[in-house]
Amino acid sequence: MKFQTNIPLESQSENQIDYHSNVLLFGSCFSENIGEKLSYFKFKNTQNPLGILFHPKAIETLISKAVNGYVYTQDDVFYHNEQWHCFDAHSKLSHPSKAHLLNQLNVQINVTALNLKKASHIVITLGTAWVYTNIETKQIVANCHKIPQKQFKKELLSVAKIEASLKNTLSLIKSVNPSVSVLFTVSPIRHIKDGFVENTQSKAHLIAAIHQVLKGQSYYFPSFEIMMDELRDYRFYKADMIHPSPLAVTYIWEKFKTVWISEASFKTMEAVNVIQKGREHKPFNEASEAHQKFLKNLQQKTKALQILHKHIQF
């Protein structure tokens, strides 16, 4: 008997991710879940230079400014709740010092520009089609930074508007890196604060728009569908019943690995995993001869791996 419906997946036939790849990830917090797995296994990757970005317009803005060499000035930041913020960035970049925030914004926009040019793969995870437009500036913001909602107009982006945004994003990316592979996915995290029906409508708009722009070196990975169909049980969610549990993230990662990670990398991944688990080991007696032997063996394994892959650091 089968107790689960499985989404059919096939291994990507070419240009898979390996230890020579440079992966750049943008988008909702699920992109960071995948990024953390890439980091754990020591693949070269850069995650969300301006922090988590939930909707396609925020990602388009970041990539546009990076490609066009935008420089942030004091006109781009504001003071609220004893910190300086920028509407283009997540609150993790916010800071009590205006100078510090501006410096970080410009450092990260340069990091984005550099990685757009050298990336072999770009993963874009869209979380929502709901956006907030600042009434005064008439600009769609990436993050409201707890500014009163009366200062914003809330809007559900149409499929056509999302499609136009994604096409512009792809055009900008290809203008600096024609050979890069772009992987789209939709976050399985539900934005319940928008409403249950509204969240479903939002995800539907995102999925419909993505499939209008897929061609050439653009691809879709069904993380949303895996969560909704293969893992349709609340035991696969965290306590908030919204975010996927670590088990669910690992499950989806294994599916992603099947499709997008080169089989030739599996042996290195296992070697990395052995070292990572060894580094997490907590001995009963750190001074014991057995533990010292264990540490020496771990060091030898680490050096052997780093000879083959010089970028790997623990």
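# A predicted fold, seen from its residues

Ser-187 touches Ser-28, Phe-30, Thr-125, Leu-126, Gly-127, Lys-203 and Phe-224, when residues up to four places away in sequence are not counted; a contact here means heavy atoms within 4.5 Å. The structure is a predicted model, in which local features need a pLDDT of at least 70 and side-chain atom pairs count only at pLDDT 80 or more, while totals for chains, interfaces and linings use all residues. Residues are numbered from 1 along each chain as its sequence is written, and side-chain values use heavy atoms, with hydrogens and water left out.

Ser-187 lies in the loop between strand 9 (181-186) and helix 5 (196-213). Helices (DSSP runs of H or I, at least four residues) and strands (runs of E, at least two) are numbered from the N terminus. Ser-187 is buried, at a relative accessible area of 1%. Buried means under 20% relative accessible area, exposed means over 50%, and partly exposed is in between, using a 1.4 Å probe and protein chains only.

## The cores and helix 3

A nonpolar core is a set of buried Ala, Val, Leu, Ile, Met, Phe, Trp, Tyr and Cys residues joined through side-chain atoms within 4.5 Å. The largest such core has 47 residues, and Phe-26, Leu-105, Ile-122, Ile-124 and Phe-184 touch the most other members. Helix 3 (residues 98-118) contributes the most to this core, with six residues. Apart from this core lies another, of 32 residues, which includes Phe-43, Met-227, Ile-252 and Met-269. Ile-122 itself is in contact with Leu-24, Phe-26, Leu-116, Ile-173, Val-180, Ser-181, Val-182 and Leu-183, leaving aside neighbours within four places in sequence.

Helix 3 has 21 residues and reaches 31 Å from its first C-alpha to its last, close to the expected 30 Å; the expected span is 1.5 Å times one less than the number of residues. Among the buried residues of helix 3 are Leu-101, Leu-102, Leu-105, Ile-109, Thr-112 and Leu-116. An α-helix has 3.6 residues a turn, so residues three or four places apart point the same way. At the start of helix 3, a side-chain oxygen of Ser-97 comes to within 3.4 Å of the backbone nitrogen of Ala-99.

Val-23 lies in strand 1 and, leaving aside neighbours within four places in sequence, is in contact with Ile-17, Leu-38, Lys-44, Asn-45, Thr-46, His-121 and Val-123.

Val-131 is found in strand 6 (residues 130-134). Val-131 and His-55 are 76 residues apart in sequence, and their C-alpha atoms are 7.0 Å apart in space. Val-131 touches His-55, Ile-140, Lys-153, Lys-154, Glu-155 and Leu-157, not counting residues up to four places away in sequence.

## Cysteines and positive phi angles

A disulfide is counted when a pair of cysteine sulfur atoms lies within 2.5 Å, and by this rule the count comes to zero. Cys-86 is in no disulfide, and its nearest cysteine sulfur, that of Cys-144, is 13 Å away.

Asn-15, in the segment before strand 1 (22-27), has a positive phi of about 55° although it is not a glycine. Asn-81, in the loop between strand 3 (77-80) and strand 4 (83-86), has a positive phi near 50°, again in a residue other than glycine.

The table sets out the accessibility of several residues discussed here.

| Residue | Relative accessible area | Class |
|---|---|---|
| Val-131 | 0% | buried |
| Cys-86 | 2% | buried |
| Val-23 | 3% | buried |
| Cys-144 | 19% | buried |
| Asn-15 | 36% | partly exposed |
| Asn-81 | 56% | exposed |

Over residues 23-256 the chain is 43% helix and 19% strand, with the end C-alpha atoms 14 Å apart.

Terms used:
A polar contact is a pair of N or O atoms within 3.5 Å; within protein, one must be able to donate a hydrogen and the other to accept it, and residues adjacent in sequence count only if both atoms are side-chain atoms.
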